[in-house]
Amino acid sequence: MIYKVFYQESKDQVPVRENTKSLYVEAVNEREVRQKLKDRNINIEYITELDEAILAYEKSTNAFKLESL
């Protein structure tokens with residue numbers, strides 16, 4: 001499964017929609033995503049699983065880059 005993670009760059013930063021960034025992680029479930037990202041100093045706002053249609057759309061954008069963790 002591919003998950004899209006919405007986050008702020010710092011745990012100390014107050015979440016502001018305009019500053020939200022995203023990354024893509026391959027994992028079995030949401031818990032594994034959090035486990036893979038625990039060493040990063042990021043404030044995870046939301047994690048969503050991408051179905052085939054959404055994944056195809058995301059791949060068609062220039063923003064799609066699967067993180068290698």
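Let's start with a facing pair: phenylalanine 6 sits across from tyrosine 46 of strand 3. This is a predicted model, and its open sheet has 3 strands in the order 2-1-3, paired antiparallel. Here is a quick tour, beginning with the sheet and ending with the core.

**The sheet**
- Strand 2 (21–26) and strand 3 (43–49) are at the edges with a single partner strand each, so one side of each has no neighbour in the sheet.
- On average, neighbouring strands of this sheet are turned by 25° against each other, direction ignored.
- In general, strands of a sheet pair through backbone hydrogen bonds, in a parallel or antiparallel way.

**Strand 1 and its partners**
- Strand 1 (residues 2–8) pairs with strand 3 in the antiparallel sense over 6 bridges, and glutamine 8 faces asparagine 43 of strand 3.
- Strand 1 and strand 2 also run antiparallel, joined by 6 bridges; tyrosine 3 has valine 25 of strand 2 as its bridge partner.
- Strand 1 is mostly covered, with 6 of its 7 residues buried.

**The nonpolar core**
- The largest nonpolar core holds 11 residues in all, among them Tyr3, Val5, Leu23, Val33 and Ile47.
- Strand 1, strand 2, helix 1 (30–37) and strand 3 are the elements that supply two or more residues to this core.
- Strand 1 gives the most to this core, with 3 residues.
- Leaving aside residues up to four places away in sequence, valine 5 touches Lys21, Ser22, Leu23, Val25, Val33, Leu37, Ile44, Tyr46 and Ile47.

Key. Residues are numbered from 1 along each chain as its sequence is written. This is a predicted model: local features need pLDDT of at least 70, side-chain atom pairs count only at pLDDT 80 or more; totals for chains, interfaces and linings use all residues. Side-chain values use heavy atoms; hydrogens and water are left out. Two strands pair if DSSP finds at least two bridges between them. Helices (H or I, at least four residues) and strands (E, at least two) are DSSP runs, numbered from the N terminus. Axes are lines fitted to C-alpha atoms, for helices over the stretch in contact, and angles run from 0 to 180 degrees between N-to-C directions. A nonpolar core is a set of buried Ala, Val, Leu, Ile, Met, Phe, Trp, Tyr and Cys residues joined through side-chain atoms within 4.5 Å. Buried means under 20% relative accessible area, exposed over 50%, partly exposed in between (1.4 Å probe, protein chains only). Contact means heavy atoms within 4.5 Å.
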